[in-house]
Amino acid sequence: MAHRLRPVEIDFVETAPVRLVFIRDIAAAPDAVFRALAEDVSGWPEWFSAVSSVRPTEGGREVRLRGGTRFEESVLVAKAPELYAYRVDVTNTPGARAWIEEWRLTPAGTGSRIRMTFALDGTAAFRLVCRLARPGVGRAFRQAVARLDRRTGRPS
């Protein structure tokens, strides 16, 4: 059953009880990565295999993951080409109470350094599961970013 989460703001990224941070350098320039993240949201399933569909909405998007997880999200920051962040407002994820995902893009040589942060809060069980899921989430992030790099026209 879907439920509404606490409407946290961008500063939650630094104060969340659970923070999963992943970093990867790729060949694609920050502006190309930002366009794929913020402007081509319906293209996410082509490079992020966990995502089955994304539908833009006014001020955000609806996301469905493989396996049935659903999110209604609001974009908090879209500052090209360096920052794209969104808050999960509604989800069917049990125990979740607050959730932001932040993508920070910085130049790395001729390419980009991507730092993706999951900022999370929820029940004790939710927080534990999130911490235990770190290796799998990290693997999914690395695979997605490699595909994103290929999609933007440069091999990683």
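Visitor: How do you know that strands β5 and β6 pair in this predicted model?

Guide: Eight bridges join strand β5 (residues 70-79) to β6, and the two run antiparallel. Pairing requires at least two bridges, so β5 and β6 are called paired. A hairpin of three residues connects β5 to β6.

Visitor: What makes β1 and β6 a pair?

Guide: Strand β1 (residues 3-4) is joined to β6 by two bridges, with antiparallel direction. The rule asks for at least two, and therefore β1 and β6 count as a pair. Here H3 stands opposite T91 in β6.

Visitor: How do you know that β6 also pairs with β7?

Guide: Five bridges join β6 to strand β7 (residues 96-108), again antiparallel. Because at least two are needed, this too is a pair. L83 faces R104 in β7. Four residues lie between the strands in the hairpin of β6 and β7, where G95 takes a positive phi near 85°.

Visitor: What makes the radius of gyration agree with that of a compact globule?

Guide: For 156 residues, a compact globule would have a radius near 15 Å; the protein has 15 Å, and therefore the two agree. The C-alpha trace spans about 40 × 30 × 30 Å along its principal axes.

Conventions: Residues are numbered from 1 along each chain as its sequence is written. This is a predicted model: local features need pLDDT of at least 70, side-chain atom pairs count only at pLDDT 80 or more; totals for chains, interfaces and linings use all residues. Side-chain values use heavy atoms; hydrogens and water are left out. The radius of gyration is taken over C-alpha atoms; the globule rule is 2.2 Å times the number of residues to the power 0.38.
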